[in-house]
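Here's a quick tour of the model below. Have a look at the fold first, then we'll walk through the sheets and the interface.

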Amino acid sequence: MDNGTASGFDEPETSLLWRSSLPRSYLNFFGRRIIRFFHALHGLGAFALITLGVSFSKFRVAGHVIRPLIFAHLARSGLRLLPMIIFLAVALGLVVIGQTVSLLTRVGAQQFLGTVMVTVVVRELGPLLTALVVLSRIGTANVIELGTARALGEVEALEVLGIDPVHYLVVPRVIGMALGIFSLTIYLLLGALASGYLWAFIQDVPLMPGDYFRQLAGALRGLDFVLLAVKTCSFGVIIAVVTCYYGLAQPLRLEEVSRATIRAVAQSVTACVLLDALFIIVYLLA
Amino acid sequence: MEYLPHEQKPKAANAGPSSPWALEMIDAKIGSLKDSAQVVLEHVNWAVAPGDYWVIGGLRASGKSDFIATAAGLMRPLEGMLRVFGQELSAGFEEEQLQTRLLIGLVFDGGRLFNHLTLAENVLLPIRYHQRLPLQEGLEKTEALLKLIGLADRATTTPGTLGHNWQQRVGLARALALKPRILLLDNPLVGLDPRDVSWWLDISDQLSAGHPIVDGHPMTLAATADDLRPWKGHARQFAILKGKSFLPVNDPNVAVAADDAWLHQLLGVELGVEPIKK
């Protein structure tokens with residue numbers, strides 16, 4: 001039954017009883033989801049292109065105002081999350097690396113240690129985990145801040161002053177978050193690999209530090225460094241663009257901010273995972 | 001109150017070279033800020049000469065904020081044209097558009113300050129963004145503007161600690177930071193006590209005459225209001241918004257439209273316009 005609502009999910013539960021047939025409602029459900037997906041994709045793509053255009057066209061505009069903002073957002077998305085990232089690095093070392101080292105040594109497969117570490121931790125877990133931490137701590141704050149500013153009319157106030165909101169509010173967040181995730185990922189990887197060996201050492205695994213780090217170095221290729229940088233910066237750009245889009249790009253009322261935040265988080269996670277899958281293909285082809 | 005007909009407007013020295021009008025709306029259809037598809041005003045023809053001092057009255061939901069926001073270039077008219085000193089004002093922040101946009105300052109109802117910035121930063125932001133001034137010079141300008149509104153001693157506080165009336169004053173200081181030639185005020189007297197009303201009327205008069213804070217140039221002013229009566233003896237041109245129409249008070253049509261008690265009292269008694277009987 002077509003209920004005529006935009007989402008199809010806001011209707012009271014009792015109305016489910018009046019549905020004529022389940023298959024048709026499934027079609028409605030998936031149809032609306034697909035239309036909404038493409039609508040969101042279109043909006044996000046346009047917003048990303050606008051941001052890119054403004055970044056270049058206003059590269060030399062008000063640098064003395066924008067540069068401090070970039071540093072502030074870099075500190076917010078990077079430096080201030082360092083204690084959390086170090087904690088996660090230690091936990092990751094314990095949960096994944098320590099146990100993997102111990103297991104491989106027990107079955108006599110130490111020669112694969114470097115490959116396993118680089119594949120699992122450096123290429124996959126490290127960047128994705130860092131991106132999710134930044135999304136949960138800073139991405140959500142972005143949507144709430146910008147959504148509230150939009151709802152309270154601060155964005156119009158910027159426009160009246162001749163200040164492009166994308167230049168002042170979005171560009172510093174995108175650059176700060178991209179560099180922040182890149183830096184944090186490096187710290188997470190170093191911390192996880194070091195603490196992983198520490199946990200293995202505590203478990204009396206007969207593996208010398210020199211052998212451990214030699215294997216890691218041997219498994220790493222130049223391409224890993226390049227792709228790690230591109231991937232982490234891309235995660236930062238995606239999270240910043242999606243969260244800023246949901247905070248800024250459409251007029252919001254205060255009560256809509258929480259819903260916008262939920263959508264932004266869900267779509268950021270989806271986009272990051274899809275990008276990660278794309279990078280797996282690149283790794284496999286390279 | 002001495003009411004000057006439209007043809008007798010005083011011409012200010014800061015008139016643009018390309019057009020006799022500081023601001024023009026030509027057959028404009030104005031949408032709502034909240035829902036741009038919803039039309040709030042139609043066939044608006046408004047010509048503001050440099051040095052004019054307009055007050056546009058209207059009841060709640062008559063479209064005052066949408067009208068003033070459109071005049072400030074925040075949104076384009078759905079139809080028709082908006083010109084500022086002869087230049088059509090459209091969306092965008094390109095250099096050419098920006099120079100025209102910066103000729104207009106807008107004080108929002110309630111100020112709409114940036115809540116994460118201090119009062120001084122709110123005022124300093126447009127100065128630092130648009131003018132390559134040394135920080136010290138920018139701070140001096142900011143201090144002078146905060147002194148004008150009586151908040152120099154609270155420069156480092158955030159807007160959340162201030163009441164509505166003070167936030168609106170900071171909004172004025174911020175709007176004046178770039179010394180615009182046209183100043184638009186969105187319902188500046190709403191919810192104010194008599195002392196604040198008097199302050200706003202005084203400062204508007206001074207800005208219209210040429211205040212030292214804007215280098216003594218007479219500013220072109222336009223304010224919206226729920227009640228035109230406080231502006232009697234201050235503003236020189238009046239208009240009302242009624243039934244999706246913009247009606248200048250010297251337009252005979254407005255008198256014809258004065259068919260309800262509120263308008264009759266407002267126009268007939270207070271502004272000295274005799275309503276024409278149908």
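In which sense do strand 7 and strand 8 of chain B pair, and over how many bridges? Strand 7 (residues 182–185) and strand 8 (residues 220–225) of chain B pair in the parallel sense, over 4 bridges.

## Ground rules

This is a predicted model, with local features needing pLDDT of at least 70 and side-chain atom pairs counting only at pLDDT 80 or more, while totals for chains, interfaces and linings use all residues. Residues are numbered from 1 along each chain as its sequence is written, chains are lettered from A and ligands numbered from 1 in the order in which they are written, and side-chain values use heavy atoms, leaving out hydrogens and water.

Strands here are DSSP E runs of at least two residues, helices are H or I runs of at least four, and both are numbered from the N terminus; two strands pair if DSSP finds at least two bridges between them.

## The antiparallel sheet

Chain B also has an open sheet of 4 strands, ordered 2-1-4-5, with antiparallel pairing. Strand 2 (39–48) and strand 5 (87–88) of chain B each have a single partner strand, so one side of each has no neighbour in the sheet. Strand 1 (residues 23–31) and strand 4 (residues 79–84) of chain B are joined by 5 bridges, with Ile26(B) opposite Met81(B).

## Where the chains meet

The contact (heavy atoms within 4.5 Å) takes 23 residues from chain B and 22 residues from chain A. There's 1 salt bridge between the chains, defined as a side-chain nitrogen of Lys or Arg within 4 Å of a carboxyl oxygen of Asp or Glu. Glu156(A) forms a salt bridge with Arg112(B), their closest N and O atoms being 4.0 Å apart.

On the side of chain B that touches chain A, helix 3 of chain B gives the largest share, 5 residues.
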